Amino acid sequence: MPRNRFAQTAILLCGLLLAAVIVSPASASAAGGGLAGLQADLGQQLALAGPADGAYVYDITARQPLFSERASTMRPPASVEKLYTATTALARMGPSAHLSTTVYGVGRLTPEGVWEGNLYLRGGGDPTFGSSSFIRSHYGGIGASVTTLAAQLVRTDGIHRITGSVLGDESWLDSLRGEPSSGYAPDPFLEGTLSGLAFNRGSRGPERGLHAPAAYAAHELWAALRSDGVSIAGHSGAASMPPGASQLAQVASPTLTQLLGLMLPPSDNFFAETLLKDLGALYGGAGTTAAGASVVRQTIASLLDIHPYVVDGSGLSESDRTSPYQVTDLLVELAPTAIGPVLRSDLAIAGHTGTLTLRMRNTGASGRCEAKTGTLTGVSNLAGYCTAADGHTLAFAIFTDGIATEMAHTFQDHMAITIADY
């Protein structure tokens, strides 16, 4: 989603002027002419789009570059940044990894089913954790629900009464609610509030104070237990879990592959920024954005010898920098690895899913190109894979900056269709 941080008048005027000369996406397949025709058509589109653009196309099957123009210029990737976050998570955690939300107890369980002491709901950075109804409406029923935790405590542990309180612990991640582009303050573009214990995307409910998301999550577990017939003497709130607590119940997130399937097609910023902090907590020494970004930079550099400038997980920051060549190189190098097919399967499909649902319909690219979109004000990018007409797999990245988003999409779609028809 674009950020309105500077005047757009010049951009819109530019888009109106270009509308008169650009070839429509539906006629892109008419380019023809083999490699020379592909290069001429892509070059013409970039010339029309203006100087603040660039593209790179590589034939993975034939192992040869097909097109390169201003491909090494570093620009803001916008949400194409999520490819780096996803790749790092797959490489470090593995496709079948889970994130856990756990209930611990400090006290003891009597033979009569009374827990004498407090319960602590400790978050593990699962962006799907929430109510069953929220999970159904937002994630198609794929997620970790608080009712599952309550059921474990009642049916497995046999708890029917609690003498203490139910407290939320969000210390897995730091308590900054936003990311770099918002100065780490709450940010509407995240469509959620960052927390190590984020219930329904970090909802605060009626809670207030520094640890309101954790307190609200604890209240929802308290309420779920009460609904299951558990008597609770204490209150709900937020507190750090003390040493020596015993694990009583746990609910796992969807697999990482499933999480990326929820994150990449719709370009979910909340998932991306939470996952970045998880990477920091797991491999960078702290559950912070800075630690997670460092893990991404180090992983991409060591794994692929690619050196983007990464400051966040979602691409919301205009300080992120990468190039069409670097993004395409990432896609090319990953293709023959175990990570490659997983990443590709989680991308939006042209004309069918995610942010590409309404783009390139009824064209040669529909169903044959999978890609990640990226949009900020004055920044619009597209990167992914296409199965060409000859059956070859082509990787590409197209960066079009400085023009209206709608016009940028028209150029990108035309170019992707040309690539698919090659």
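# Exercises on a predicted model

L330 touches L83, Y84, T87, I300, L304 and I306, leaving out residues up to four places away in sequence; contact means heavy atoms within 4.5 Å. The model is predicted, so local features need pLDDT of at least 70 and side-chain atom pairs count only at pLDDT 80 or more, while totals for chains, interfaces and linings use all residues. Residues are numbered from 1 along each chain as its sequence is written, and side-chain values use heavy atoms, with hydrogens and water left out.

## Exercise 1: the cores

Determine which residues of the largest nonpolar core touch the most other members.

Solution. A nonpolar core is a set of buried Ala, Val, Leu, Ile, Met, Phe, Trp, Tyr and Cys residues joined through side-chain atoms within 4.5 Å. Buried means under 20% relative accessible area, exposed over 50%, and partly exposed in between, with a 1.4 Å probe and protein chains only. The largest core has 57 residues, and those touching the most other members are L83, M93, L260, M263, V327, L330 and L343. Another core, of 28 residues, lies apart from it; among its members are A218, A224, V230 and I232.

## Exercise 2: the setting of D346

State where D346 lies, and whether it is buried or exposed.

Solution. D346 belongs to the loop between helix 11 (339-345) and strand 10 (348-349). With a relative accessible area of 6%, D346 is buried. Apart from neighbours within four places in sequence, D346 is in contact with T257, L260, G261, L264 and P265. L260 is also among the residues of the largest nonpolar core that touch the most other members. The C-alpha atoms of D346 and S317, 29 residues apart along the chain, are separated by 23 Å.

Methods: Helices (H or I, at least four residues) and strands (E, at least two) are DSSP runs, numbered from the N terminus.
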